[in-house]
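Q: I am new to this structure and would like to go through it step by step. Could we begin with one residue and then turn to the chains?
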Amino acid sequence: MKGLPPVLITAIVLVVGFALCAVQFPNIASTRVVGNLLTDNAFLGIVATGMTFVIISGGIDLSVGSVIGFTTVFVALAIERWGVPPLVAFVAILVLSAAFGAAMGAVIHVFDLPPFIVTLAGMFLARGASFLLSTESVPITAPVYSTVSDFALRMPGGGRLSAIAIIMLVILIGGILLLRLTRFGANVYALGGGRATASLMGVAVGKMTIKIYMLSSLLAGTAGIVFSFYTSAGYSLSAVGVELDSIAAVVIGGTLLTGGQGSVIGTFLGVLIQGMIQTYINFDGTLSSWWTKIATGILLFAFIALQQGLVALARRPTAARAGVAS
Amino acid sequence: MTMLLPRRGLAQILALIVILAVDRVVSPQFFDLRLQDGRLFGSLIDVLNRGTPVALLSLGMVLVIATRGIDLSVGAVMAICGAIAASLADSHSLPVVLAAALGAGLVCGLWNGFLVAVLGMQPIVATLILMVAGRGIAQLITEGRIVTFTSPDLVWLGNGAILGVPVPIAIALGMLILTGAVVRGSALGLLIEATGGNARASELAGVGTRAMILAVYVWCGVCAALAGVIAAADIMGADANNAGLWLELDAILAVVIGGTSLFGGRFSLVLAVLGALIIQTMNTGILLSGYPPEFNLLVKAVVVLAVLLLQSPKLPGFAGIMARLRRTKP
């Protein structure tokens, strides 16, 4: 393979960007800031891990932000109003979101509909359902929540690796292993390469589609629980637009949006880059937060254009190889 | 000539009539119209007026979808153009304001079209870039504030009336007729449908598919710009955060309800606008019935799913029945 793989480019962007930030604000290069960055983006990292699977398989999941919103409201109401023990509430919402994802996957496969529009309907449905549950912010006062938010591993340099950051890192590693080392992961790549081809190779396309969307929604539900830990509240308008952030993270991480290529680690780097931009803007203080959106847009463009270039190169292999041989 | 109401519009018209009937039951004065200060008032006018932005968006969106594309950025383009119009309104004349806002929409459309037609990006991805960055750009223009204006000319665009008809409705109607005349009065519509049906085959048959794709995104941008200006004129201000938020989804929904397949090909402008009206009639009905407006999203989700299932290539039920009905007709 000629040139650098996209993940390496992402890593270089992250390192160079971080170095530039550190030159301007030396305080950024501390475990304290890095720890906060991981904590602030824990839910995004979890959702983006699920999104990576969906996108590699050639699909897209627009419902994740709404699922997070629904989860926070459901968990808050279950614990505070209905008196359900937190752990039972967590299990219930995870089962519920997994079923939701499985249903979307089933509709996509059985009726042969574009994932984009099916998950769009799912997005409306989940957001509408969370509005129905409650339109106001419900604070969560359960003792588990204060225990979890107080828990943190001390890192050298005074940084804190919070519980939700640890959850994110564990899921991340799990995601990497699942994608790289299991038959399921191989099938995800096969599906992204082409549904017909995958089917001919013996991949149960229907089952896989259902499982992939189930995984994405399950992780979105997990992210919702993490988000409720992060804010100690459930709010139906929380995590609006997270689906875009996570798609952006996946793309910046070098995953091909047409499917078939990509990695979870790249997605993680993409999340970190977005977090880094946010941190830089916070440190600067004079820049407004909307620069995050513009910077993300520019990065998105750069990476998609790069992918387009790589794909174009790959499509002309005969000419290139002939040139090399002669 | 199938320019105005193709045969396949029956389901949509029936749906609109049913929803209107439900609205009439919910709110007995739904069909009341009265003339006040030279402008018509009433729930029906309200539906049309509020439906204008989505109707305008769906006019552009339907062409994009007909080429097998999609434009996610229309909401952000609305925000940008609304912001431009609002910031220029008090210092410049209306033609300058309009030219600047529509010009910005055109540039946005050109950008999307360039990415899709020339660089060959997937439409979802290409327009996602502007969707993410566009709101930031709009914030940059308004400097993060909600820009208000008092220019009577621009306010008239949102709140005035021509012969009793509110200006936004007149503009939407004008755009529908203009788009219809251009697209259906020439071979353009056919070429767009050909591009969406099979881009490669059309290219080989001599259709300038690149130019077609570029043109539909530009038109979509212009329509979005107009919608943004009207939305800003309506509230006499521009809110970069909320102007046109999620309207891209409503516009796509309107097009889908209008029977245009997301897989490209045949399209109908009138039915797309009708789809926008169906959505707005539902919204207004839910508001009038006293249900919380949050209900809207749930109802929309159910409607999307229902329409999708009807369109599904795998579901023979409805489509099969319709096809059989058509075949038995002389």
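Q: Leaving aside its neighbours within four places in sequence, which residues is C220(B) in contact with?
A: This is a predicted model. In it, C220(B) is in contact with G60(B), M61(B), L63(B), V64(B), D71(B), V74(B) and G109(B), once its neighbours within four places in sequence are left aside.

Q: And where is C220(B) placed?
A: C220(B) is in helix 10 of chain B, which covers residues 209-235.

Q: Is C220(B) buried or exposed, and why?
A: C220(B) counts as buried because it has 32 C-beta neighbours inside 10 Å, and the cut-off for a buried residue is 20 or more.

Q: What separates the C-alpha atoms of C220(B) and R145(B)?
A: A distance of 27 Å separates them, and the two residues are 75 residues apart along the chain.

Q: Turning to the whole of chain B, how many helices and strands are there?
A: Chain B has 14 helices and 6 strands. Of its 330 residues, 52% count as buried.

Q: How does the radius of gyration of chain B fit a compact globule?
A: The value for chain B is 20 Å, which agrees with a compact globule, because one with 330 residues would have a radius of gyration near 20 Å. The C-alpha trace spans about 60 × 55 × 35 Å along its principal axes.

How values were computed:
Residues numbered from 1 in each chain as written. Chains lettered and ligands numbered in written order. Predicted model: local features only at pLDDT ≥ 70, side-chain atom pairs only at ≥ 80, totals over all residues. Helix = DSSP H or I, 4+ residues; strand = E, 2+ residues; numbered from the N terminus. Buried ≥ 20, exposed ≤ 12 C-beta atoms within 10 Å, placed from the backbone. Contact = placed C-beta atoms within 7 Å. Rg over C-alpha atoms; globule rule 2.2 N^0.38 Å.
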